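Hi,

Here's the structure I promised to pass on. Have a look at it first, then read my notes below.

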Amino acid sequence: MPTPFSGGCACGAVRYECTTEPLISLKCHCRDCQRASGSAFAPMLYVATATLTSTGELKYYEVKAASGRTFSRGFCPQCGSPVLPERASPELIGIWAASLDDPSWGQPTMDVWTGSAQPWDYLNPHLPKYKQQLTAEEIEVLLAARS
Ligand SMILES: [Zn+2]
Ligand SMILES: [Zn+2]
């Protein structure tokens, strides 16, 4: 994946740029991502918060995620595209992979929340599967493996 990489919403009002490669790339099959995307899953990238800058106004709404945690999802108020959810942790922020200028960069490496995956969705049998979200410990292991 090239760095910096960039992306934005469908109408171009919201743009972002990130100077480092994503640390985690996954497909989230939780009910909340299904509702927010209108699809079977959300392809998400997680990058170090400090390496991402965005321009344009994002609107946020609060959701109670399947994990029980409350967080905000950011979307473009002009075109409604989901772009950047509020940070997943103090260090990580999510990007909807389909908002990348070249979405082929967003190669997912795992499936999470497969407990609510839809029967009509095809899950790549070669990717690791997590029934729910990644635990803080699992995230630490993934991040340590990258550095
Ligand atoms: Zn837009
Ligand atoms: Zn989700």
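A quick definition before the notes: by contact I mean heavy atoms within 4.5 Å. Also bear in mind that this is a predicted model.

With that cut-off, S25 is in contact with M44, L45, G106, Q107, P108, T109 and M110, once you leave aside its neighbours within four places in sequence. S25 sits in strand β3, which covers residues 24-28. Its relative accessible area is 9%, so S25 is buried, the limit for that being under 20%. What does the side chain of S25 reach at 2.9 Å? That would be the backbone oxygen of Q107. The backbone oxygen of G106 is also there, 3.4 Å from a polar atom of the S25 side chain.

Next, the metal. The zinc ion (ligand 2) is coordinated by the SG atoms of C28, C30 and C33, at 2.1 to 2.3 Å. Along the sequence, those donor residues follow the spacing C-x1-C-x2-C. C28 has 8% relative accessibility, so it counts as buried, and C30 is buried too, at 5%. Water is not among the atoms, so sites may look incomplete; please keep that in mind if you set up the zinc ion (ligand 2).

Then the charged pairs. How many salt bridges does a search of the whole structure find? It finds three, and here they are:

- R73 with D32: the closest N and O atoms are 2.6 Å apart. The pair links distant parts of the chain, with R73 in strand β7 (residues 70-75) and D32 in helix α1 (residues 31-37), 41 residues apart. R73 counts as buried because its relative accessibility is 4%, and D32 is buried as well, with a relative accessible area of 12%.
- R15 with D101: these side chains meet at 2.8 Å, N to O. This is another link between distant parts of the chain, 86 residues apart: R15 belongs to strand β2 (residues 15-18), and D101 to the loop between β9 (92-96) and β10 (111-112). R15 is partly exposed at 32%, and so is D101 at 43%.
- D111 with K129: the closest N and O atoms are 3.2 Å apart. D111 is in strand β10 and K129 in the loop between β10 and α2 (136-146), so the pair ties together parts that are 18 residues apart in sequence. D111 is buried at 0% relative accessibility, whereas K129 is partly exposed at 35%.

Cheers

How values were computed. Residues numbered from 1 in each chain as written. Chains lettered and ligands numbered in written order. Predicted model: local features only at pLDDT ≥ 70, side-chain atom pairs only at ≥ 80, totals over all residues. Heavy atoms only, no water. Donors = N, O, S within 2.8 Å, 3.2 Å for Na, K, Ca; no water. Buried < 20%, exposed > 50% of the residue type's maximum accessible area, 1.4 Å probe, protein only. Helix = DSSP H or I, 4+ residues; strand = E, 2+ residues; numbered from the N terminus. Polar contact = N/O pair within 3.5 Å; in protein donor to acceptor, adjacent residues only side chain to side chain. Salt bridge = Lys/Arg side-chain N within 4 Å of Asp/Glu carboxyl O.
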